[in-house]
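Dear colleague,

I am passing on the structure below, together with some notes on it.

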Amino acid sequence: MLPLETLEQKIGYTFKNRKLLQRAVTHRSFGAENNERLEFLGDSVLNCVIGQALFLRDAHFNEGSLSRVRANLVCQDALAEIANRIVLSDHLRLGEGEMKTGGAHRPSIQSDAMEAIFGAIMTESGFDAAKAVILRLYEPVLSQLTPERMGKDSKTQLQEFLQAHHIGLPEYSVIDIRGAAHDQTFECECGIKKLSIAVRGVGKNRRTAEQVAAKRALELAIEYFDKKRGHQHD
(Lines give C-alpha, C1' and ligand atoms only; values in the text may rest on other atoms or scores of the structure.)
Protein backbone atom coordinates (compact mmCIF):
# COMPACT_ATOMS: atom_id res chain seq x y z
CA MET A 1 0.00 0.00 0.00
CA LEU A 2 1.44 3.37 -1.03
CA PRO A 3 1.65 6.22 1.52
CA LEU A 4 -1.30 8.61 1.78
CA GLU A 5 0.96 11.53 0.86
CA THR A 6 1.10 10.12 -2.65
CA LEU A 7 -2.69 10.07 -2.84
CA GLU A 8 -2.85 13.65 -1.59
CA GLN A 9 -0.58 14.69 -4.45
CA LYS A 10 -2.83 12.93 -6.95
CA ILE A 11 -6.03 14.62 -5.75
CA GLY A 12 -4.39 17.99 -5.18
CA TYR A 13 -5.35 18.37 -1.54
CA THR A 14 -3.32 17.96 1.67
CA PHE A 15 -5.21 16.92 4.78
CA LYS A 16 -4.52 18.58 8.10
CA ASN A 17 -6.05 15.51 9.74
CA ARG A 18 -4.78 12.58 7.72
CA LYS A 19 -6.93 10.16 9.72
CA LEU A 20 -9.88 11.48 7.71
CA LEU A 21 -8.24 10.40 4.47
CA GLN A 22 -7.28 7.07 6.02
CA ARG A 23 -10.90 6.49 6.94
CA ALA A 24 -12.04 7.50 3.44
CA VAL A 25 -9.97 4.73 1.85
CA THR A 26 -11.02 2.11 4.41
CA HIS A 27 -13.62 -0.42 3.24
CA ARG A 28 -16.10 -1.88 5.71
CA SER A 29 -14.41 -5.27 5.36
CA PHE A 30 -11.34 -3.79 7.08
CA GLY A 31 -13.09 -2.74 10.28
CA ALA A 32 -15.76 -0.70 12.03
CA GLU A 33 -14.00 2.61 11.31
CA ASN A 34 -14.79 2.64 7.59
CA ASN A 35 -15.78 5.06 4.85
CA GLU A 36 -19.54 4.51 4.62
CA ARG A 37 -20.62 7.72 6.39
CA LEU A 38 -18.10 9.81 4.47
CA GLU A 39 -19.32 8.19 1.26
CA PHE A 40 -22.87 9.36 2.02
CA LEU A 41 -21.67 12.95 2.46
CA GLY A 42 -19.40 12.82 -0.58
CA ASP A 43 -22.23 11.59 -2.79
CA SER A 44 -24.32 14.65 -1.88
CA VAL A 45 -21.43 17.05 -2.49
CA LEU A 46 -20.56 15.42 -5.81
CA ASN A 47 -24.12 15.67 -7.12
CA CYS A 48 -24.29 19.33 -6.17
CA VAL A 49 -20.91 20.25 -7.69
CA ILE A 50 -21.48 18.43 -10.98
CA GLY A 51 -25.05 19.73 -11.16
CA GLN A 52 -23.83 23.31 -10.79
CA ALA A 53 -21.01 22.77 -13.31
CA LEU A 54 -23.48 21.51 -15.92
CA PHE A 55 -26.00 24.25 -15.12
CA LEU A 56 -23.37 26.94 -15.75
CA ARG A 57 -22.04 25.22 -18.85
CA ASP A 58 -24.85 25.92 -21.29
CA ALA A 59 -28.23 27.60 -20.81
CA HIS A 60 -29.63 25.65 -23.78
CA PHE A 61 -30.18 22.37 -21.94
CA ASN A 62 -33.37 21.65 -20.06
CA GLU A 63 -33.79 19.86 -16.76
CA GLY A 64 -34.13 16.45 -18.39
CA SER A 65 -30.87 16.77 -20.32
CA LEU A 66 -29.00 18.09 -17.30
CA SER A 67 -30.31 15.27 -15.11
CA ARG A 68 -29.29 12.60 -17.63
CA VAL A 69 -25.78 13.95 -18.06
CA ARG A 70 -25.28 14.42 -14.33
CA ALA A 71 -26.41 10.84 -13.73
CA ASN A 72 -23.82 9.63 -16.24
CA LEU A 73 -21.06 11.70 -14.62
CA VAL A 74 -21.69 10.73 -10.99
CA CYS A 75 -22.42 7.04 -11.56
CA GLN A 76 -20.22 4.18 -10.43
CA ASP A 77 -18.54 3.83 -13.84
CA ALA A 78 -17.48 7.48 -14.02
CA LEU A 79 -16.11 7.46 -10.48
CA ALA A 80 -14.28 4.18 -11.05
CA GLU A 81 -12.71 5.69 -14.17
CA ILE A 82 -11.33 8.57 -12.10
CA ALA A 83 -10.19 6.11 -9.43
CA ASN A 84 -8.29 4.16 -12.08
CA ARG A 85 -6.70 7.34 -13.40
CA ILE A 86 -5.22 8.16 -9.98
CA VAL A 87 -4.58 4.46 -9.23
CA LEU A 88 -6.67 4.61 -6.08
CA SER A 89 -6.39 0.82 -5.73
CA ASP A 90 -2.84 1.30 -4.40
CA HIS A 91 -4.21 3.12 -1.36
CA LEU A 92 -7.35 1.17 -0.38
CA ARG A 93 -7.56 -0.60 2.97
CA LEU A 94 -9.51 -3.84 2.60
CA GLY A 95 -10.18 -6.93 4.65
CA GLU A 96 -8.18 -10.02 3.74
CA GLY A 97 -11.10 -11.65 1.91
CA GLU A 98 -11.76 -8.61 -0.26
CA MET A 99 -8.07 -8.20 -0.98
CA LYS A 100 -7.72 -11.79 -2.15
CA THR A 101 -10.69 -11.54 -4.51
CA GLY A 102 -9.44 -8.35 -6.19
CA GLY A 103 -11.66 -5.95 -4.28
CA ALA A 104 -9.21 -3.08 -4.74
CA HIS A 105 -10.07 -3.06 -8.45
CA ARG A 106 -13.82 -3.55 -8.03
CA PRO A 107 -15.68 -0.51 -9.46
CA SER A 108 -18.19 -0.40 -6.60
CA ILE A 109 -15.45 -0.25 -3.95
CA GLN A 110 -13.41 2.28 -5.92
CA SER A 111 -16.36 4.58 -6.57
CA ASP A 112 -17.44 4.46 -2.92
CA ALA A 113 -13.92 5.42 -1.83
CA MET A 114 -13.83 8.35 -4.29
CA GLU A 115 -17.07 9.69 -2.82
CA ALA A 116 -15.70 9.17 0.69
CA ILE A 117 -12.61 11.22 -0.20
CA PHE A 118 -14.86 14.08 -1.33
CA GLY A 119 -16.79 13.73 1.91
CA ALA A 120 -13.58 13.81 3.95
CA ILE A 121 -12.46 17.04 2.28
CA MET A 122 -15.90 18.52 2.87
CA THR A 123 -15.71 17.53 6.54
CA GLU A 124 -12.30 19.12 7.04
CA SER A 125 -12.39 22.22 4.84
CA GLY A 126 -15.94 22.78 3.63
CA PHE A 127 -17.80 22.81 0.34
CA ASP A 128 -15.48 25.05 -1.69
CA ALA A 129 -12.43 22.89 -1.00
CA ALA A 130 -14.33 19.73 -1.96
CA LYS A 131 -15.67 21.47 -5.06
CA ALA A 132 -12.17 22.46 -6.18
CA VAL A 133 -10.92 18.86 -5.93
CA ILE A 134 -13.97 17.43 -7.70
CA LEU A 135 -13.73 19.90 -10.59
CA ARG A 136 -9.99 19.25 -10.93
CA LEU A 137 -10.51 15.49 -11.15
CA TYR A 138 -13.49 15.85 -13.49
CA GLU A 139 -11.85 18.45 -15.74
CA PRO A 140 -10.80 15.93 -18.45
CA VAL A 141 -14.41 14.74 -18.68
CA LEU A 142 -16.12 18.14 -18.40
CA SER A 143 -13.82 19.69 -21.00
CA GLN A 144 -14.98 17.11 -23.55
CA LEU A 145 -18.67 17.82 -23.07
CA THR A 146 -20.11 19.23 -26.26
CA PRO A 147 -23.78 20.09 -26.87
CA GLU A 148 -24.07 16.76 -28.71
CA ARG A 149 -22.55 14.79 -25.85
CA MET A 150 -24.87 16.47 -23.40
CA GLY A 151 -27.77 15.00 -25.29
CA LYS A 152 -29.65 11.80 -24.60
CA ASP A 153 -27.93 8.46 -24.23
CA SER A 154 -28.51 5.66 -26.73
CA LYS A 155 -31.11 3.78 -24.66
CA THR A 156 -33.19 6.93 -24.25
CA GLN A 157 -32.88 7.82 -27.94
CA LEU A 158 -33.94 4.31 -28.95
CA GLN A 159 -36.90 4.30 -26.59
CA GLU A 160 -38.15 7.67 -27.84
CA PHE A 161 -37.63 6.66 -31.49
CA LEU A 162 -39.67 3.49 -31.01
CA GLN A 163 -42.42 5.30 -29.13
CA ALA A 164 -42.66 7.84 -31.94
CA HIS A 165 -43.29 4.92 -34.32
CA HIS A 166 -45.80 3.26 -31.95
CA ILE A 167 -43.52 0.31 -31.21
CA GLY A 168 -43.13 -1.23 -27.76
CA LEU A 169 -40.07 -0.88 -25.59
CA PRO A 170 -36.91 -2.81 -26.48
CA GLU A 171 -35.98 -5.82 -24.36
CA TYR A 172 -32.53 -6.12 -22.80
CA SER A 173 -30.94 -9.32 -21.54
CA VAL A 174 -27.53 -10.41 -20.31
CA ILE A 175 -26.09 -13.02 -22.66
CA ASP A 176 -22.75 -13.65 -21.02
CA ILE A 177 -20.46 -12.45 -18.21
CA ARG A 178 -16.77 -13.25 -18.62
CA GLY A 179 -13.68 -12.71 -16.49
CA ALA A 180 -12.81 -12.51 -12.79
CA ALA A 181 -15.06 -10.60 -10.38
CA HIS A 182 -12.83 -7.50 -10.44
CA ASP A 183 -12.42 -7.46 -14.22
CA GLN A 184 -15.64 -8.64 -15.82
CA THR A 185 -16.89 -8.19 -19.37
CA PHE A 186 -20.63 -8.15 -20.00
CA GLU A 187 -22.38 -9.09 -23.25
CA CYS A 188 -25.97 -7.86 -23.50
CA GLU A 189 -28.62 -8.14 -26.17
CA CYS A 190 -31.13 -5.52 -27.24
CA GLY A 191 -34.19 -6.96 -28.98
CA ILE A 192 -37.03 -5.30 -30.87
CA LYS A 193 -39.39 -8.11 -31.83
CA LYS A 194 -41.64 -6.12 -34.14
CA LEU A 195 -38.67 -5.10 -36.29
CA SER A 196 -36.90 -8.48 -36.01
CA ILE A 197 -33.88 -6.74 -34.51
CA ALA A 198 -31.59 -8.52 -32.05
CA VAL A 199 -28.12 -7.04 -31.56
CA ARG A 200 -25.46 -7.40 -28.91
CA GLY A 201 -23.10 -5.03 -27.14
CA VAL A 202 -20.06 -5.63 -24.96
CA GLY A 203 -18.84 -3.53 -22.04
CA LYS A 204 -17.16 -3.56 -18.64
CA ASN A 205 -20.57 -3.51 -16.95
CA ARG A 206 -24.17 -4.24 -17.84
CA ARG A 207 -25.13 -0.61 -18.36
CA THR A 208 -22.33 0.04 -20.85
CA ALA A 209 -23.04 -3.16 -22.76
CA GLU A 210 -26.74 -2.24 -23.01
CA GLN A 211 -25.86 1.23 -24.27
CA VAL A 212 -23.62 -0.23 -27.00
CA ALA A 213 -26.37 -2.63 -28.06
CA ALA A 214 -28.98 0.17 -28.00
CA LYS A 215 -26.84 2.35 -30.26
CA ARG A 216 -26.60 -0.41 -32.85
CA ALA A 217 -30.31 -1.22 -32.53
CA LEU A 218 -31.19 2.45 -33.09
CA GLU A 219 -29.08 2.52 -36.26
CA LEU A 220 -30.89 -0.56 -37.57
CA ALA A 221 -34.31 0.81 -36.61
CA ILE A 222 -33.63 4.07 -38.44
CA GLU A 223 -32.41 2.09 -41.44
CA TYR A 224 -35.58 -0.04 -41.35
CA PHE A 225 -37.90 2.96 -41.50
CA ASP A 226 -35.76 4.73 -44.11
CA LYS A 227 -36.12 1.69 -46.39
CA LYS A 228 -39.83 1.49 -45.65
CA ARG A 229 -40.29 5.11 -46.67
CA GLY A 230 -38.24 4.48 -49.79
CA HIS A 231 -40.54 1.61 -50.84
CA GLN A 232 -43.59 3.78 -50.25
CA HIS A 233 -42.26 6.39 -52.66
CA ASP A 234 -41.51 3.83 -55.38
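Helices (H or I, at least four residues) and strands (E, at least two) are DSSP runs, numbered from the N terminus. This is a predicted model, in which local features need pLDDT of at least 70 and side-chain atom pairs count only at pLDDT 80 or more, while totals for chains, interfaces and linings use all residues. Residues are numbered from 1 along each chain as its sequence is written, and side-chain values use heavy atoms, with hydrogens and water left out.

On that basis Met122 belongs to helix α7 (residues 107–125). Met122 is partly exposed, at a relative accessible area of 25%, where buried means under 20%, exposed over 50% and partly exposed in between (1.4 Å probe, protein chains only). Apart from neighbours within four places in sequence, Met122 is in contact (heavy atoms within 4.5 Å) with Leu41, Val45, Phe127 and Ala130. The C-alpha atoms of Met122 and Ile134, which are twelve residues apart along the chain, are separated by 11 Å.

Asn35 lies in the loop between α2 (18–24) and α3 (36–57) and, with a relative accessible area of 5%, is buried. A polar atom of the Asn35 side chain lies 3.0 Å from the backbone oxygen of Ala24. Again leaving aside neighbours within four places in sequence, the contacts of Asn35 are Arg23, Ala24, Val25, Thr26, His27, Asp112, Ala113 and Ala116.

Turning to the strands, β2 (residues 185–192) and β3 run antiparallel and are joined by seven bridges, pairing being assigned if DSSP finds at least two bridges between two strands. Ile192 stands opposite Ile197 in β3, and in the hairpin, which has four residues between the strands, Ser196 takes a positive phi near 55°. Strand β3 (residues 197–203) has a covered face formed by Ile197, Val199, Gly201 and Gly203, whereas Ala198, Arg200 and Val202 make up the uncovered one.

As for the protein as a whole, there are ten helices and three strands, which follow one another along the sequence as α-α-α-α-α-α-α-α-α-β-β-β-α. The C-alpha trace spans about 75 × 45 × 25 Å along its principal axes, and 41% of the 234 residues count as buried. Among contacts with a separation of 6 or more, 58% are between residues 24 or more positions apart.

How values were computed: Polar contact = N/O pair within 3.5 Å; in protein donor to acceptor, adjacent residues only side chain to side chain.
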